[in-house]
Amino acid sequence: MTSITLQPDKITFDGHAGKPEVCHGLSAISQMVAGYLAEKKDSRLNIQSGHLEISDLPGDFWGTDLGQAMVMALCDIADQYPEYVKIRR
């Protein structure tokens, strides 16, 4: 199970999804967003096995196209595989 926590100033991904296609989808989305935010917006990353935290999000992140697209993609995966992904807000 992967738990994704969306907060005003950070995003946290914890755990392993347990199904390869779910894990690959979550990894692609999270790493793309993390890389962009770290390089372009000075967000901080905490990466460990089974854990990714993106902190110091820009204040307007959730209203940006990137933030909204990320949430839509994650919710689509969670809707299709609810036994493998849980999103908390």
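**Entry 1. Strands 3 and 4**

I count two strands as paired if DSSP finds at least two bridges between them. I take helices (H or I, at least four residues) and strands (E, at least two) as DSSP runs, numbered from the N terminus. Strand 3 covers residues 44-48 and strand 4 covers 51-55. Gln 48 has His 51 in strand 4 as its bridge partner. The hairpin of these strands has 2 residues between them, and Gly 50 there takes a positive phi near 75 degrees.

The model is predicted: I required pLDDT of at least 70 for local features and 80 or more for side-chain atom pairs, whereas totals for chains, interfaces and linings use all residues. Residues are numbered from 1 along each chain as its sequence is written, and side-chain values use heavy atoms, with hydrogens and water left out.

**Entry 2. Strand 1 and its partners**

I then turned to strand 1, residues 2-6. Strand 1 pairs with strand 2 in the antiparallel sense over 4 bridges, and a hairpin of 3 residues joins the two. Ile 4 has Phe 13 in strand 2 as its bridge partner. Strand 1 also pairs with strand 5 (residues 85-88), here in the parallel sense and over 4 bridges. Thr 5 stands opposite Arg 88 of strand 5.

I checked burial next, with buried meaning under 20% relative accessible area, exposed over 50% and partly exposed in between (1.4 Å probe, protein chains only). Because 4 of its 5 residues are buried, strand 1 is largely enclosed by the rest of the structure.

**Entry 3. Nonpolar core**

I defined a nonpolar core as a set of buried Ala, Val, Leu, Ile, Met, Phe, Trp, Tyr and Cys residues joined through side-chain atoms within 4.5 Å. The largest such core has 21 residues, of which Ile 11, Leu 26, Ile 54 and Met 70 touch the most other members. Strand 1, strand 2, helix 1, strand 4 and helix 2 (65-80) each supply at least two residues of this core. Helix 1 gives the largest share of this core, 6 residues. As a general point, nonpolar side chains tend to be buried together in soluble globular proteins.

Ile 77 is found in helix 2 and counts as buried because its relative accessibility is 15%.

**Entry 4. Largest pocket**

I searched for pockets on a 1 Å grid over the protein atoms alone, where a 1.4 Å probe fits; a pocket is an open set of points with protein on both sides within 12 Å along at least five of seven lines, and lining residues have an atom within 4 Å of a point. Grid points are joined across faces, edges and corners, and a volume is the space filled by probe spheres set on the points.

The largest pocket holds about 320 Å³ of space. Its lining has 19 residues, and Phe 13, Ser 27, Ser 30, Gln 31 and Leu 52 lie nearest the centre. Strand 2 (10-14), helix 1 (20-40), strand 3 and strand 4 each supply at least two lining residues. Helix 1 gives the largest share of the lining, 7 residues.

I sorted the lining by class: Ala, Val, Leu, Ile, Met, Phe, Trp, Tyr, Cys and Pro count as nonpolar, Asp, Glu, Lys and Arg as charged, and the others, Gly among them, as polar. The lining has 8 nonpolar, 10 polar and 1 charged residues.

Asp 42 is exposed, because its relative accessible area is 63%. Asp 56, in the loop between strand 4 and helix 2, likewise has a positive phi of about 60 degrees although it is not a glycine. At 41% relative accessibility, Asp 56 counts as partly exposed. In general, most residues other than glycine have a negative phi.

Ile 77 and Asp 42, 35 residues apart along the chain, are separated by 27 Å. Gly 35 and Leu 45, 10 residues apart along the chain, are separated by 8.8 Å.
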